[in-house]
Amino acid sequence: MFDVLIIGGGVSGMSCALVLGSAKNKSFVTDKKIGVFTHQKNSSLQEAIFYNAYGITPGKLGSELLTESTEHLAESYSHILQIPNEKVVKVEGSYPEFTVTTNKNSYQTKNIVVGIGSANTFDIEGLLQYVEPHKKALPEKQRIQLKNEDHKVADGIYAIGTLAGWRSQLAIAAGSGAAVATDILTLWNNGVQTHVHDSIR
């Protein structure tokens, strides 16, 4: 049983994983099992190049960021299980007992974070009832989002990045994933507002 499974290995999903990973030494996180589906084939980053993102070297390719983020997660937070080459097709159950089914396996988890973009090809069975038109995208783009309030779709289900209704900017997506990570940390910390910082002190 996972404590959280993150669906999506793009900016928002990896940002969520990195923040959760960085909290590994907190007493309320040490026993938590965290996984991330790093299926990146359809990520919009595959065709991106960045000149306007804070902390990113100008001219950095999105495809490079995708590779570097999974390497960073593996090197810094190896306790987080990366699940590559699996596409989630179904979510069943309710908090705190979900079953996430992929094209290859099935997994049990208490919480789900979904960050796979806002394309109208979204087809995860069990989440389709939450789909609505994207509120911050041009209508002709036919983008979608999951109905949510401050990222929360339902108990134990969170949407991040453009799928949560945010605009398609790297910095926004990263912040969205990090925000949900701190919401989950707060949940694990018995409702005490929680964040995590690295420091040279």
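Strand β9 (residues 112-114) and strand β13 (residues 157-159) run parallel and are joined by three bridges. Within this pair, Ile112 has Ile157 of β13 as its bridge partner. Strands here are DSSP runs of E with at least two residues, helices are runs of H or I with at least four residues, and both are numbered from the N terminus. Two strands pair if DSSP finds at least two bridges between them.

The model is predicted: local features need pLDDT of at least 70, side-chain atom pairs count only at pLDDT 80 or more, and totals for chains, interfaces and linings use all residues. Residues are numbered from 1 along each chain as its sequence is written, and side-chain values use heavy atoms, without hydrogens and water.

Both strands belong to an open sheet of six strands with mixed pairing, in the order β5-β2-β1-β9-β13-β12. At its edges, β5 (81-83) and β12 (152-154) each pair on one side only. Neighbouring strands are turned by 20° against each other on average, direction ignored; axes are lines fitted to C-alpha atoms, for helices over the stretch in contact, with angles from 0 to 180 degrees between N-to-C directions.

| Helix | Residues | Packing |
|---|---|---|
| α1 | residues 11-22 | 12 residues, 16 Å from first C-alpha to last |

In α1, 12 of 12 residues are buried, meaning under 20% relative accessible area (1.4 Å probe, protein chains only). Among them are Met14, Cys16 and Leu18. These buried residues of α1 pack against β1, β2, α2 (62-76), β9 and α3, where contact means heavy atoms within 4.5 Å.

Note on methods
Expected span 1.5 Å × (residues − 1). Buried < 20%, exposed > 50% of the residue type's maximum accessible area, 1.4 Å probe, protein only.
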